[in-house]
Amino acid sequence: MDYLLIIFPIVFVAAINCAQGNGDDPFYRSYYQTWGGSHLTVYNQGHEVQLLMDSSSGAGFSSKRDFGSGYFSMKIKIPEKNSKGLITSFYLISVPVGQPVEGVKHYEFDIEFYGTDGNPHIISTNAFANDLGNREQQFHLWFDPTKGFHTYEILWNQHQIVWFVDDTPIRVWKNNTQLGVGFPTGPLHVEASIWNPSYLGTPDWSQGPFKAHYREFGIDGCNYQSSKQDLCSSQSYYWNQNKYWQLDPKQQGKLQNARKNYMYKDYCKEDSNRHGPECQVNQ
C-alpha cells in the first residue's frame, strides 16, 4: 500500500498537466482558427481542415495551449497544380499569436512545403534559436505530397528536437546550451498556415484556388505553466524518457540516408563560419 500511495499522486500530477490525444480528436478540441475567415473550412465531423489560398488571402490555425515539451504531429496534403510562390506550413513557435514575428528574436522550428511548378517537391526545415533564424535545411521529397496524406512530426524534449517525415528523421537539433547554442526552455505552441511570402514571388493565381488539407489533430504535449516548468521535463511523459534522448541506430541510419540522398541545401555548408559550434553538433 505504501508503494501505491507514493505513485498515484505523481501520475495524477502528470495527467492534469498533459494534453494527450490521438488521430480521432476533432480540430476544435486542441486548435482554433487564427486568420483567414472563410478560407478555413472544418469538415468530416471536425476531423479534417482545408486551408484555401487565393489572391485575397490564405489562412491559418493555432493550438489553444502553450507547451513545454511534447511530440507534435499532423497529416498533411499540400496543394496540387502549379503552386509556386506558396508555403504550406506546420511549426512550433514562441511568439504569441497575433504578435509580429519579423525581426523578433524568438524560438521557432519549422516544417514548410514550398509550392512548385513541377517536381521535385521541396520540404524546408528551419530553426530560430532565440534569434532570427536563417538555418534552412531543405530536401527534395521522395514522394509526391500532393497526392495523399503523409505524417510530419516534431519531437521536443530537454535533450533534442527532431523533425520526422513518415517516421524518417530528417533533422536533429541537440540541446547544446553549454556551447552557446540556443535551446527552448519556455513555452512554444503549434501553428499551421498557407500563405505567399514576397521572397518567393507572385503565384499564378489562375491555377487557384489552392487547397491544403490537414488531418489527425491529437497533441501529446506538456501544458506549459511558468510556475511549474520542471514538470515538462518529467519522465512521466513518454517523449522525455531515455529512449527519446537520442536517435536509435535504425533512426540514425534513416537520418543519414535522407541527408545524403535528398538534402540539397544546408546552411551549415553555406555559412559554417557564422554557425560553427551548432553545425558541429547538429549533424
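This is a predicted model: local features need pLDDT of at least 70, side-chain atom pairs count only at pLDDT 80 or more; totals for chains, interfaces and linings use all residues.
A strand, as the word is used here, is a DSSP run of E of at least two residues, and strands are numbered from the N terminus. Glu108 belongs to one such run, strand 8, which covers residues 106–114.

Consider the chain as a whole. It has 17 strands and five helices. Of its 283 residues, 50% are buried. The accessible surface of the chain is about 13600 Å², and carbon and sulfur atoms account for 49% of that area. Among contacts in the chain with a separation of 6 or more, 68% are between residues 24 or more positions apart.

Now return to Glu108 in strand 8. The relative accessible area of Glu108 is 7%, and the limit for a buried residue is under 20%, so Glu108 counts as buried. Which residues is Glu108 in contact with, leaving aside its neighbours within four places in sequence? They are Tyr91, Leu92, Ile93, Val101, Asn126, Ala127 and Phe128. In an unreviewed UniProt entry, the annotation "active site" covers Glu108 together with Glu112. Both Glu108 and Glu112 are part of the lining of the largest pocket.

The aromatic residues are the next topic. The structure holds 20 aromatic pairs. One of them is formed by Tyr71 and Tyr238, whose ring centres are 6.3 Å apart. Why is this pair called stacked? The planes of the two rings are at 25°, and planes under 30 degrees apart count as stacked, so the pair meets the condition.

The pair also links separate parts of the chain. Tyr71 is in strand 6, residues 67–77, while Tyr238 is in the loop between strand 16 (219–223) and helix 3 (249–261). The two parts are 167 residues apart in sequence, so the pair ties together parts that are separated along the chain.

Other aromatic residues form a group. Phe27, Tyr28, Tyr31, Phe61, Tyr214 and Phe217 make up one aromatic cluster. A ring can also have a charge over it, as in the case of Trp163. The charged end of Arg171 sits over the ring of Trp163, at 5.0 Å from the ring centre.

How values were computed
Residues are numbered from 1 along each chain as its sequence is written. Side-chain values use heavy atoms; hydrogens and water are left out. Rings of Phe, Tyr and Trp (its six-membered ring) pair if their centres lie within 6.5 Å; planes under 30 degrees apart count as stacked, over 60 as edge-to-face and the rest as tilted. Helices (H or I, at least four residues) and strands (E, at least two) are DSSP runs, numbered from the N terminus. A charge sits over a ring if NZ of Lys or CZ of Arg is within 6 Å of the ring centre and within 35 degrees of the ring normal. Buried means under 20% relative accessible area, exposed over 50%, partly exposed in between (1.4 Å probe, protein chains only). Contact means heavy atoms within 4.5 Å. Accessible areas come from the Shrake-Rupley method with a 1.4 Å probe; for residues, only the protein chains shown count as cover. UniProt positions are given in the numbering used here, feature names are shortened, and annotations may be inferred rather than shown by experiment. On a 1 Å grid over the protein atoms alone, a cavity is a set of points where a 1.4 Å probe fits but cannot get out, and a pocket is an open set with protein on both sides within 12 Å along at least five of seven lines; lining residues have an atom within 4 Å of a point.
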